[in-house]
Amino acid sequence: MLPSQALLPAVMFALTALQALAAHTFTAAVYEHAVILPDATEEPVPASDALALMNKNMDVLEGAIKEAARQGARIIVTPEDGIYGWRFTRESIYPYLEDIPDPVVTWIPCTDPSRFGAAPVQERLSCMARNNSIYVVANIGDKKPCDSSDPSCPRDGRYQYNTDVVFDPQGKLVARYHKYNLFRGETQFNYPKEPEAVTFETPFGKFGIFTCFDILFYEPAVVLVSKMQVDTVVFPTAWMNVLPFLTAIEFHSAWAMGMGVNLLSANTHNTSKAMTGSGLFTPEGPAASHYDSATEEGRLLLAELRAHPRLSPTYPPAINWSLYATSIKKFPEENNTFLGAVRKDIFTFSKLRNKDGNYTVCQGDLCCHLAYQMSKKRKDEVYVLGAFDGLHGSLIKYHWQICTLLKCPSTNLSTCGQPVETAQTKFEMFSLGGTFGTSYVFPEVLYSGVQLAPGEFEVLHDGRLKSKHGTSKPLITATLFGRLYEKDQPHPLR
């Protein structure tokens, strides 16, 4: 036997092992894009002007896609509104829209651009994916004609949808998703008649997709994870940060941990709108994240992720979020409380008066228990334990249960619940739990400077959010954020 023949089985075995290993992980990318915005106008601009603006943004996105592919990324997610921005009325956005077909048609716009009429944006995105051999996720606008035979057809004879598209490495359109939960102000778009649970298969796992505000609702977000069993969610967003609980990296990282999936979150970047915060988040915590409220620059993030996180030996075990809190007696101090507002939500707060201690605060059906020890009790900083159990929102109302250890902006207790980004107090330990009436709870820890705390806290099987070895940086908030989807009010506009 020749030496090369003798080595062949070993070589084939090694290649097979490498392929199996590669299938277990993949490199993903998200790009936070500082969007070039159109001039504000209520009148439609010529289609050529709309395309020129979109091409400027796609020039930037194409550079990010090329760089991501060069660094080995298999998929890249770009932001909501990342191609045309905002500042639109229903009429003025029309020149920016294209007819996006159902992916069952098996279409590669890069090689057959005129099959469904003029589609220059889809053609270019398809070519970006094809030329760089990478999955490309982007957010654009879809238009669909309708007529009087459809009783819900708008007066102008068309539906307009906030839409995500996915092109595979051959440039084929493999997914189309119409945003179901529109945020206030998105009057340029229509609601889909039914929620869409959109998935697509890749060699490195099953993916789901939804957009921005959708993440707070049962459909489609929970359906994709709990019923469709996706491994990874791609998430274009235009997220306006709202401290203390809805900062982009804070909540998106918590959602990935609470739901037990990867989340690829790509945010638009606009400091005047408080839009920043992107990341690649896993059930174990953030693999990469970015938050920048000071500059107007975009940012490309990459990380290696597990293709099937549920099969990982480090996958977090199931958690009974109320087990600990319902098994103990209330700590003292529960009567030493006051009310304070987090935006318009009225929390029940209790001030932490000592360097260490045990506290309980209750509201509605929720009791929150905290044990803590500060490194040093400062006279110029005040922390509180807070509880909220009720409906949140003005137009769209949805039910939250929140337990939070929270820094106040000043020693004046009336400021507790207002946004704060910096702190000086570190904790030797904290342990937070609550009597949650839901299995959908998202654990958040945020440090001074709006920084995450990867690897520095854990959630025990009995539902306690606990520091591992104290806090390495001063603490802004430690929060358990629960959602009782079954108590949400019906959507008033749908």
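Good morning. I begin with the second largest pocket, which has a volume of about 730 Å³. Please bear in mind that the model is predicted.

At least two lining residues come from each of helix H4 (218-227), helix H5 (248-259), strand S11 (285-290), strand S20 (441-447) and strand S22 (457-459). The most is given by H5, with 6 residues.

I turn now to the largest pocket, for which the volume is about 940 Å³. Its lining is made up of 35 residues, with Phe183, Arg184, Gly185, Phe213 and Met240 nearest the centre. Two or more lining residues are given by strand S17 (383-392) and by strand S18 (398-407). In terms of class, the largest pocket is lined by 17 nonpolar, 7 polar and 11 charged residues. Domain 1 (23-311) and domain 2 (322-487) each contribute at least three residues to that lining.

Finally, the annotation. An unreviewed UniProt entry lists residues 36-307 as "domain: CN hydrolase". Within the model, this span is 22% helix and 26% strand, and its end C-alpha atoms are 34 Å apart.

Thank you for your attention.

Terms used
Residues are numbered from 1 along each chain as its sequence is written. This is a predicted model: local features need pLDDT of at least 70, side-chain atom pairs count only at pLDDT 80 or more; totals for chains, interfaces and linings use all residues. Side-chain values use heavy atoms; hydrogens and water are left out. UniProt positions are given in the numbering used here, feature names are shortened, and annotations may be inferred rather than shown by experiment. Helices (H or I, at least four residues) and strands (E, at least two) are DSSP runs, numbered from the N terminus. On a 1 Å grid over the protein atoms alone, a cavity is a set of points where a 1.4 Å probe fits but cannot get out, and a pocket is an open set with protein on both sides within 12 Å along at least five of seven lines; lining residues have an atom within 4 Å of a point. Grid points are joined across faces, edges and corners, and a volume is the space filled by probe spheres set on the points. Ala, Val, Leu, Ile, Met, Phe, Trp, Tyr, Cys and Pro count as nonpolar, Asp, Glu, Lys and Arg as charged, and the others, Gly among them, as polar. Domain bounds come from an automatic or database domain assignment.
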